[in-house]
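Thanks for coming, everyone. Please have the sequence and the structure open while I talk.

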Amino acid sequence: MPEGTFTFPRGFLWGTATSSHQVEGGNKNNNWYAWEQEEGRIINGQTSGLACDWWGGRWKEDFDRAVETGQNAHRLSIEWSRVQPTPDRWDENALDHYRQMVRGLNERGLYPLVTLHHFTDPLWLTEIGGWEDERVVELFEKYVEKVVKALSSYVTTWCTINEPNVVMAMGYIFGAFPPGKNDINAGFTVLVNQARAHARAYHKIKELQPESRVGIALNWRGFNPAKSWSPLDRFSAKTLNRLYNDYFPNVFTYGVAKLLTKKVVLPEAKGTQDYIGINFYTSDTVSFDFKAKDAMFIRRFFPEGSDLSPHEMIASQPDEFFKSIKWATKFKVPIIITENGTEDTEDSFRRRYIVEHIRNMWHAISFNYPIKGYFHWSLVDNFEWERGWEHRFGLWELDIKTQARTKRPSADLYAAICGENALSSQMVREYTPEIIEKIFP
Ligand code: GAL
């Protein structure tokens, strides 16, 4: 049996990621709360409810769990609707609450990465048109200014917007997120406004805190042609890759990017990413399909024989993870894996998924690709958007009735990796013996 250890660079960040609406509970002033009240929007009519009760203070015990399991970083998000409940009012108590949380991270030795927008909008913003209305650019800048002023003693790494590409795809093509549209033109307006808002926020944060590091978290998903000889499949894959993966980093690098045939020129966005955040879960195989009218005539599926997560949402494709990292190197900025994980209540698939992905991240680091940290999604089961509580992504299981947390074996595996800053053959043999030969051939 070969023995071996994949060691990570000193100072590598190992953490988990969460977002305000998914963990806080009692958020009633945003568009997701409103969405949850509408029939048929969330699986089995579930709602976020008390979530993980972080607003009630349980963030403390969960941060303790992170520390006890060897983590040295955490990514969380700020809820705009709490900080600015109405357009003309800032809630200093809410800001103080967040100040306590980020101080709580500092005190525990957890390096904070703070996201300023993670899917949810204040209701008042939705009422004036949300991200389709260009006023959002200035409003977002004001909100960001307020938060950064309040938290800058504790935080230097900021993520302006989480997965702006998902907001567009889910909200404006598939209609599964608010505002539930199938309107690509409105979606394009949103993509432009998000890029403009990010650029404005970037410059404002730099003005307030020159030493800060600012970027976004992009959901990177590879699109590979089903038949490599088919020009239509190849064209479908290329179109999706350009639109979904390339648009934001291109506009933040060059100030110019393409949205299908439309050229977006935003000189103020040039050079506004200090790092690139990658949220990687899975990739798709795609083929051109006349029947897929509502999905740009593109059918997506997983490669045959894939190792699938329990709800078949995710196919473990660690080579695609490597590809995402390699792709990111072309932007010549540090890379942070801002999310990676899987739904798996029974924790039968997750351990394998973690090992395979972390192994390939190490492979990328061995090429000197500048990866600074990895944030597993997620610390504790939390409200999984349109999939409610059916999809469980936590290293800890959450009983939503009692708020009790139960550690899954993956938490111990991850603790071993974080604690040793390495993935070893011993860990693989202990937690995922079924793939030892694949990982250590
Ligand atoms: C991401 C999102 C997270 C989380 C995760 C798991 O797209 O940023 O909030 O829900 O997916 O599905």
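Start with H391. Is H391 buried or exposed? H391 is buried, because its relative accessible area is 5%, and the cut-off for buried is under 20%. Keep in mind that this model is predicted. Where does H391 sit? H391 is in the loop between strand 14 and strand 15. What does its side chain touch? The side chain of H391 makes a polar contact with the side chain of R387, at 3.2 Å.

Now look at its backbone. W385 is not a glycine, yet its phi is positive, about 50 degrees. Here is the background for that. Most residues other than glycine have a negative phi, and most peptide bonds are trans.

One more stop in the loop: S378. S378 lies between strand 14 (371–376) and strand 15 (396–398). Which kind of peptide bond leads from W377 to S378, cis or trans? That bond is cis, with omega near 15 degrees.

There is another cis bond to show you. Go to P178 and P179. The peptide bond from P178 to P179 is cis, and its omega is near 10 degrees. P179 sits in the loop between helix 8 (164–172) and helix 9 (184–208).

Back to positive phi. L260 has a phi near 50 degrees, and L260 is not a glycine. Find L260 in the loop between strand 8 (256–259) and strand 9 (262–265). How accessible is L260? L260 is partly exposed, at a relative accessible area of 38%. Compare the cut-offs: buried means under 20%, exposed means over 50%, and partly exposed is in between. So 38% puts L260 in the middle class.

Next, R408. R408 is in the loop between strand 16 (405–407) and helix 13 (409–420). R408 counts as buried, at 3% relative accessibility. What does the side chain of R408 reach? It makes a polar contact with the side chain of D381, at 2.8 Å. The side chain of R408 also reaches the backbone oxygen of G394, at 2.8 Å.

Now the ligand. Where does the ligand sit? The ligand sits in the largest pocket.

For Q22, a side-chain N or O atom is 2.7 Å from an oxygen atom of the ligand. For H118, a polar side-chain atom lies 2.8 Å from a ligand oxygen. For E163, the polar side-chain atom is 2.5 Å from an oxygen atom of the ligand. And how much of the ligand is covered? Alone, the ligand exposes 310 Å², and the protein buries 92% of that.

On to helix 11, residues 318–328. Why is this helix called largely enclosed? Eight of its eleven residues are buried, so the rest of the structure largely encloses helix 11. Which ones are buried? They are P318, E320, F321, F322, S324, I325, W327 and A328.

Last topic: distances between C-alpha atoms. Take E127, in helix 6 (residues 123–127). E127 is exposed, with a relative accessible area of 66%. E127 and V114 are 13 residues apart along the chain, and their C-alpha atoms are separated by 26 Å.

Then D347, in the loop between strand 13 (335–340) and helix 12 (350–366). D347 is buried, with a relative accessible area of 1%. From D347 to R213 is 134 residues in sequence and 35 Å in space, C-alpha to C-alpha.

Finally, G109. G109 is found in the loop between helix 5 (92–107) and strand 4 (111–117). G109 is partly exposed, at a relative accessible area of 46%. G109 and L50 are 59 residues apart in sequence, with 27 Å between their C-alpha atoms.

That's my tour. Over to you.

Terms used:
Residues numbered from 1 in each chain as written. Predicted model: local features only at pLDDT ≥ 70, side-chain atom pairs only at ≥ 80, totals over all residues. Heavy atoms only, no water. Polar contact = N/O pair within 3.5 Å; in protein donor to acceptor, adjacent residues only side chain to side chain. Areas by Shrake-Rupley, 256 points an atom, 1.4 Å probe, with all protein chains shown as cover. 1 Å grid on protein atoms, 1.4 Å probe; cavity = no way out; pocket = protein on both sides within 12 Å on 5 of 7 lines; lining within 4 Å. Sits in = over half its atoms within 2 Å of the grid points. Buried < 20%, exposed > 50% of the residue type's maximum accessible area, 1.4 Å probe, protein only. Helix = DSSP H or I, 4+ residues; strand = E, 2+ residues; numbered from the N terminus.
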